[in-house]
Amino acid sequence: MNLVKDTTELYRKALELLKERKVELTDIAELVMFLQQSYIEDLTLAICLENVNAVLKKREVQNAIITGIQLDILAEENKLIQPLQDIIAEDEGLYGIDEIMALSIVNVYGSIGLTNFGYIDKVKPGILKRLNSHVPGEIHTFLDDIVGAIAAAAASRLAHSDPTKSDITQ
């Protein structure tokens, strides 16, 4: 019995779940562009997408995506115990576990990821606005934070690799 899942299998499953939840990688890349376009000259969506894909190759990220989306799905199906069912279904502000899971993604790329995540979580641009709109029958309590964290991590990865910056103080 193999106790460790293959990263390729986890990567494929994470991508499949994002697609099922109507989150395209270009949606996440647009968030990266939003975060970094003022800091990196000639930034393109393709470069942002490349960094999103690099983040998605990390096992910690794959685990967070799979776990968070599964919890959202279970909440949509009303299959969680009370009071957890209501807390997740209502995206209760004091719950915070969704943000903690997202921080496991952000921490992969250092402290700039934390500030990027806090900012993007507050302003909720692009796909984050849709995921956080609380449409009846759709629960994205974990997914909105996970998507924001992936974008924040990709933006941080990009900032750390920008050759035009000798001192990253963004």
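**Rings, a charge and a cavity**

F142 has a relative accessibility of 0%, so it counts as buried (under 20% relative accessible area with a 1.4 Å probe and protein chains only; exposed is over 50%, partly exposed in between). This is a predicted model, where local features need pLDDT of at least 70, side-chain atom pairs count only at pLDDT 80 or more, and totals for chains, interfaces and linings use all residues. Residues are numbered from 1 along each chain as its sequence is written, and side-chain values use heavy atoms, with hydrogens and water left out.

**Aromatic pairs**

- There are two aromatic pairs here, counting rings of Phe, Tyr and Trp (its six-membered ring) with centres within 6.5 Å; planes under 30 degrees apart are stacked, over 60 edge-to-face, and the rest tilted.
- F34 and Y119 are stacked, because their ring centres are 5.9 Å apart and their planes sit at 5°.
- F34 belongs to helix 2 and Y119 to helix 7 (residues 111–123), so this pair ties together parts 85 residues apart in sequence; helices are DSSP runs (H or I, at least four residues), numbered from the N terminus.
- F34 is partly exposed at 31% relative accessible area, and Y119 is partly exposed too, at 45%.
- Y95 and F142 make an edge-to-face pair, since their ring centres are 6.2 Å apart and their planes are at 85°.
- Y95 is in the loop between helix 5 (84–89) and helix 6 (97–106), while F142 is in the loop between helix 8 (127–131) and helix 9 (143–161), so the pair links parts 47 residues apart in sequence.

**Charge over a ring**

- The charged end of K57 sits over the ring of Y11, 4.5 Å from its centre (the rule wants NZ of Lys or CZ of Arg within 6 Å of the ring centre and within 35 degrees of the ring normal).

**Y39**

- You'll find Y39 in the loop between helix 2 (25–36) and helix 3 (45–56).
- Y39 is partly exposed, because its relative accessibility is 38%.
- Y39 and D162 are 123 residues apart along the chain, with 9.3 Å between their C-alpha atoms.

**Cavity**

- The count is one cavity of 30 Å³ or more, a cavity being a set of points on a 1 Å grid over the protein atoms alone where a 1.4 Å probe fits but cannot get out.
- The largest cavity has a volume of about 30 Å³, a volume being the space filled by probe spheres set on the points, which are joined across faces, edges and corners.
- D121, K124, L128, N132, D144 and G148 line the largest cavity; lining residues have an atom within 4 Å of a point.

Definitions and conventions. On a 1 Å grid over the protein atoms alone, a cavity is a set of points where a 1.4 Å probe fits but cannot get out, and a pocket is an open set with protein on both sides within 12 Å along at least five of seven lines; lining residues have an atom within 4 Å of a point. Helices (H or I, at least four residues) and strands (E, at least two) are DSSP runs, numbered from the N terminus.
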